[in-house]
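Work through the exercises below with the sequence and the model in view. Try each task before you read its solution.

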Amino acid sequence: AALSIDPLAPGESVVRDLTVRNTGALPLDAVTTAAKKAGYTDLWNALTCVASVDGTVVYEGSLAAMTTRPVRVAAGQTATIRYAVGLPASAGNDLQGDYVRASLYVDAQQAH
């Protein structure tokens, strides 16, 4: 499902949740990354992200560089990853009207 974000002004952020469901019989570790698909590189490089699970931060920094710490999901369970995507207050007006289309990837592998 798409995680749409309305236009952001400098200093604003938006929160979106994504649920990872483990339908298997073994625990898994899920890692999220992001990739720019279209739009303006300056805006992409300016966006920030804080990813957390149950209040524990698994990533904080640039959305463009995001690779979260592994999120353990037990067999038959779910985990909700919360992404707070923002534009720093220091972002200039030169980003006004820019857009970015990006994809979040959740890669899961059997927990060791």
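**Exercise 1.** Place Ala-108 in the fold and find which residues it touches beyond its sequence neighbours.

*Solution.* This is a predicted model.
- Step 1: Look up the element. Ala-108 belongs to strand 7, residues 100-110.
- Step 2: Set aside the neighbours within four places in sequence. Ala-108 then contacts Leu-28, Asp-29 and Ala-30.
- Step 3: Asp-94 is 14 residues from Ala-108, and their C-alpha atoms are 38 Å apart.

**Exercise 2.** Describe the overall fold: its elements, their order and the span of the trace.

*Solution.* 
- Step 1: Read them in order. The pattern is β-β-α-β-β-β-β-β.
- Step 2: Take the span. Along the principal axes, the C-alpha trace covers about 50 × 25 × 20 Å.
- Step 3: Check the contacts. Take those between residues at least 6 apart in sequence: 76% of them join residues at least 24 apart.

**Exercise 3.** Work out how much of the protein is buried and what its accessible surface consists of.

*Solution.* 
- Step 1: Use the cut-off for buried, under 20% relative accessible area.
- Step 2: Apply it to the chain. Of the 112 residues, 29% are buried.

**Exercise 4.** Find the salt bridges and say which parts of the chain they link.

*Solution.* 
- Step 1: Count the charges. There are 8 positive and 10 negative side chains, and the centres of the two sets are 8 Å apart.
- Step 2: Count the bridges. The structure has two.
- Step 3: Take one of them. Arg-82 and Asp-17 meet at 2.7 Å, N to O. Arg-82 sits in strand 6 (residues 78-86) and Asp-17 in strand 1 (residues 13-21), so this bridge links distant parts of the chain, 65 residues apart.
- Step 4: Arg-82 is partly exposed because its relative accessibility is 42%. Asp-17, at 37%, is also partly exposed.
- Step 5: Take the other bridge. Arg-72 and Asp-29 meet at 2.5 Å, N to O. Arg-72 is in strand 5 (residues 71-73) and Asp-29 in strand 2 (residues 28-39), 43 residues apart.
- Step 6: Check Asp-29. Its relative accessibility is 15%, so Asp-29 counts as buried. Recall from Exercise 1 that Asp-29 is one of the contacts of Ala-108.

**Exercise 5.** Find the aromatic pair, give its geometry and explain what it ties together.

*Solution.* 
- Step 1: Search the whole structure. One aromatic pair turns up.
- Step 2: Read its geometry. Tyr-40 and Tyr-99 are edge-to-face, 5.7 Å centre to centre, with 90° between the planes.
- Step 3: Locate both rings. Tyr-40 is in the loop between strand 2 and helix 1 (41-46), and Tyr-99 is in the loop between strand 6 and strand 7, so the pair ties together parts 59 residues apart in sequence.
- Step 4: Tyr-40 is partly exposed, at 42% relative accessibility. Tyr-99 is partly exposed, at 42%.

**Exercise 6.** Explain what stands out in the backbone at Asp-54, and say whether the residue is buried or exposed.

*Solution.* 
- Step 1: Recall the general rule. Most residues other than glycine have a negative phi.
- Step 2: Look at the angle. Asp-54 is not a glycine, yet its phi is positive, about 50°.
- Step 3: Find its place. Asp-54 lies in the loop between strand 3 (48-53) and strand 4 (56-62).
- Step 4: Asp-54 counts as exposed because its relative accessibility is 77%.

Technical notes: Residues numbered from 1 in each chain as written. Predicted model: local features only at pLDDT ≥ 70, side-chain atom pairs only at ≥ 80, totals over all residues. Heavy atoms only, no water. Helix = DSSP H or I, 4+ residues; strand = E, 2+ residues; numbered from the N terminus. Buried < 20%, exposed > 50% of the residue type's maximum accessible area, 1.4 Å probe, protein only. Contact = heavy atoms within 4.5 Å. Areas by Shrake-Rupley, 256 points an atom, 1.4 Å probe, with all protein chains shown as cover. Lys, Arg positive; Asp, Glu negative; His and termini not counted. Charge placed at Lys NZ, Arg CZ, Asp CG, Glu CD. Salt bridge = Lys/Arg side-chain N within 4 Å of Asp/Glu carboxyl O. Phe/Tyr/Trp six-rings, centres within 6.5 Å; stacked < 30°, edge-to-face > 60°.
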